[in-house]
Amino acid sequence: MLETRDLTIRFGGHVAVNAVTCRFEPGTLTAIVGPNGAGKTTYFNLISGQLKASSGSVYLGGQELSGLSPSARTKAGLGRAFQLTNLFPNLSVLENVRLAVQAVENVGLSLFRIWSDHTELTRRALALLESVAMADKQHMPVASLPHGDQRKLEVALLMALDPKVYMFDEPTAGMSHDEAPVILNLIRELKKDRTKTILLVEHKMDVVRELADRIIVLTNGTLVADGDPAEVIASPVVQEAYLGVSKEDEKPLSHPHTPHQGASA
Ligand SMILES: Nc1ncnc2c1ncn2[C@@H]1O[C@H](COP(=O)(O)OP(=O)(O)OP(=O)(O)O)[C@@H](O)[C@H]1O
């Protein structure tokens with residue numbers, strides 16, 4: 001179980017995440033919604049360690065993660081999408097995924113192991129690429145991929161880690177109508193594994209309605225609603241004050257935008 005306790009960050013005088021205490025259970029997909037600037041991405045950054053909290057703590061399976069680096073948190077089981085800028089832009093799509101699989105397998109520098117495991121690693125890397133419908137792009141350099149493919153590759157790399165917790169920050173943002181279903185299908189598949197905890201920041205209300213087992217609402221950095229999706233969506237306070245949409249409305253919760261630099265998932 002992932003847990004935040006009184007998690008808080010201040011930027012100067014502005015409290016972007018304000019004492020958020022919340023538990024996320026395995027087998028549950030929790031959607032995190034709220035208006036632009038509510039603190040959703042910042043909350044993710046505090047959990048994954050990209051930002052250092054002003055106060056409060058993060059626990060995963062009882063282990064305190066506060067103070068650990070993002071990579072140490074990844075080792076502990078937190079899965080936040082890679083930023084492609086951290087990859088090898090001139091290596092191919094397949095080579096990048098194979099490196100991710102290899103890193104998790106801890107093959108190390110034994111030349112014999114690398115050679116003998118090569119076929120198996122390639123097979124696993126290809127299977128991951130197939131799951132994001134990118135096997136046909138395996139030989140392309142990562143740097144030359146269009147935006148939608150880059151986002152799909154981020155998800156393939158995340159799956160290579162096989163984390164306990166999957167954190168998706170607007171996973172289909174900027175994708176075409178053809179591409180988005182690939183990612184949504186993958187999330188549907190991941191949900192079937194009851195050992196995984198999934199967090200999803202998402203503006204698209206129809207996606208939230210379909211995928212979420214639970215919704216939490218942040219506004220001005222504060223947790224203002226938490227519960228069953230239908231109840232949270234229907235609650236007058238959320239409808240009127242925070243979402244600004246009518247019950248039947250399928251419009252986004254707020255306007256999608258480009259994620260902040262250094263904070264994309
Ligand atoms: N590194 C930073 N320095 C200063 N202020 C920041 C920083 N990161 C975020 N903020 C501020 O914190 C607040 C929360 O931003 P955040 O991006 O977390 O909101 P969000 O809910 O993810 O919004 P959106 O839906 O637009 O993505 C905003 O007022 C933002 O300007």
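Biologist: What makes up the protein chain, in helices and strands?
Modeller: There are nine helices and ten strands in the protein chain. Helices (H or I, at least four residues) and strands (E, at least two) are DSSP runs, numbered from the N terminus. Mind you, this is a predicted model: local features need pLDDT of at least 70, side-chain atom pairs count only at pLDDT 80 or more, and totals for chains, interfaces and linings use all residues. Residues are numbered from 1 along each chain as its sequence is written.

Biologist: Okay, why is Met-140 called partly exposed?
Modeller: A residue is buried if 20 or more other C-beta atoms, placed from the backbone, lie within 10 Å of its own, exposed if 12 or fewer, and partly exposed in between. Met-140 has 16 other C-beta atoms within 10 Å, so it counts as partly exposed.

Biologist: And where is Met-140?
Modeller: Look in the loop between helix H4 (111-131) and helix H5 (147-161).

Biologist: Which residues is Met-140 in contact with, leaving aside its neighbours within four places in sequence?
Modeller: Ser-92, Val-93 and Leu-145. Contact means that the C-beta atoms of two residues, placed from the backbone, lie within 7 Å.

Biologist: Why is helix H1 (residues 40-48) said to be largely enclosed by the rest of the structure?
Modeller: Because nine of its nine residues are buried. Among them are Tyr-43, Phe-44 and Ile-47. Just after H1, Gly-49 has a positive phi of about 90°.

Biologist: How many of the residues in the protein chain are buried?
Modeller: Buried residues are 39% of the 265.
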